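Dear colleague,

My notes on it follow directly after.

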Amino acid sequence: MSASLSFVTPPPGLDPVVDFSLDEVKGANGLYALHAVAGPSTRMFVVDAAIHLPDYAPEISDEQGEALGLSGPENALLLVVANPAASGTTVNLMAPIVVNSVSGAAAQVILENQDFPLRAALMPVSAAPVAKPIAPARVAVPA
């Protein structure tokens, strides 16, 4: 899978870059490389929260949802930035990337008044305890 994303504001630390390609990392379900279109060497790894963090359900503000043109949570793809290290991979749950799956509009949002860590340990899917299926992680978009 490959998709074009256009950030409504540049991701932190990447100003003025707003156009990215989201490319699946082969052999790693739910792991993607987010490459800047203008300079492919600028990249970050992100994971699909629905696959790796199914209980993660942050709420974004009306303004954040409107900036992305989201009409409801069913149109939101939730990605989190992965930070690999020798001690294990962590993900930033305080600033997820929310993507309008219809238009490709994206934003890395800062969650306010929600208690999520900046560096949460990411457990490999194969090491996760077996549980009954639940609904995919989605962003709660206020009505």
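Does Phe7 count as buried or exposed? The model is a predicted one, and in it Phe7 has 4% relative accessibility, so it counts as buried, the cut-off being under 20%.

Aromatic pairs: the count comes to 2. In one of them, the ring centres of Phe7 and Phe20 are 5.1 Å apart with the planes at 65°, so the arrangement is edge-to-face. This pair links distant parts of the chain, with Phe7 in strand 1 and Phe20 in strand 2, 13 residues apart. Phe20 is likewise buried, at 1% relative accessibility.

Tyr56 and Phe116 also form an edge-to-face pair, with centres 5.0 Å apart and planes at 80°. Tyr56 lies in the loop between helix 1 and helix 2, and Phe116 in the loop between strand 8 and strand 9, so the pair ties together parts 60 residues apart in sequence. Tyr56 is buried, with a relative accessible area of 5%, whereas Phe116 is partly exposed at 22%.

Nonpolar cores: the largest has 21 residues, and those touching the most other members are Leu53, Tyr56, Val80, Val91, Leu93 and Val98. Strand 5 and strand 8 are the elements that give two or more residues to this core; strand 5 gives the most, with 4 residues. Another core, of 14 residues, lies apart from it and includes Phe20, Leu22, Tyr32 and Ala36.

Finally, Asn100 in strand 7 is buried, with a relative accessible area of 5%. The side chain of Asn100 reaches the backbone oxygen of Gly69 at 3.1 Å. Beyond its neighbours within four places in sequence, Asn100 is in contact with residues including Leu68, Leu70, Asn75 and Ala105.

Yours sincerely

Notes:
Residues are numbered from 1 along each chain as its sequence is written. This is a predicted model: local features need pLDDT of at least 70, side-chain atom pairs count only at pLDDT 80 or more; totals for chains, interfaces and linings use all residues. Side-chain values use heavy atoms; hydrogens and water are left out. Buried means under 20% relative accessible area, exposed over 50%, partly exposed in between (1.4 Å probe, protein chains only). A polar contact is a pair of N or O atoms within 3.5 Å; within protein, one must be able to donate a hydrogen and the other to accept it, and residues adjacent in sequence count only if both atoms are side-chain atoms. Contact means heavy atoms within 4.5 Å. A nonpolar core is a set of buried Ala, Val, Leu, Ile, Met, Phe, Trp, Tyr and Cys residues joined through side-chain atoms within 4.5 Å. Rings of Phe, Tyr and Trp (its six-membered ring) pair if their centres lie within 6.5 Å; planes under 30 degrees apart count as stacked, over 60 as edge-to-face and the rest as tilted.
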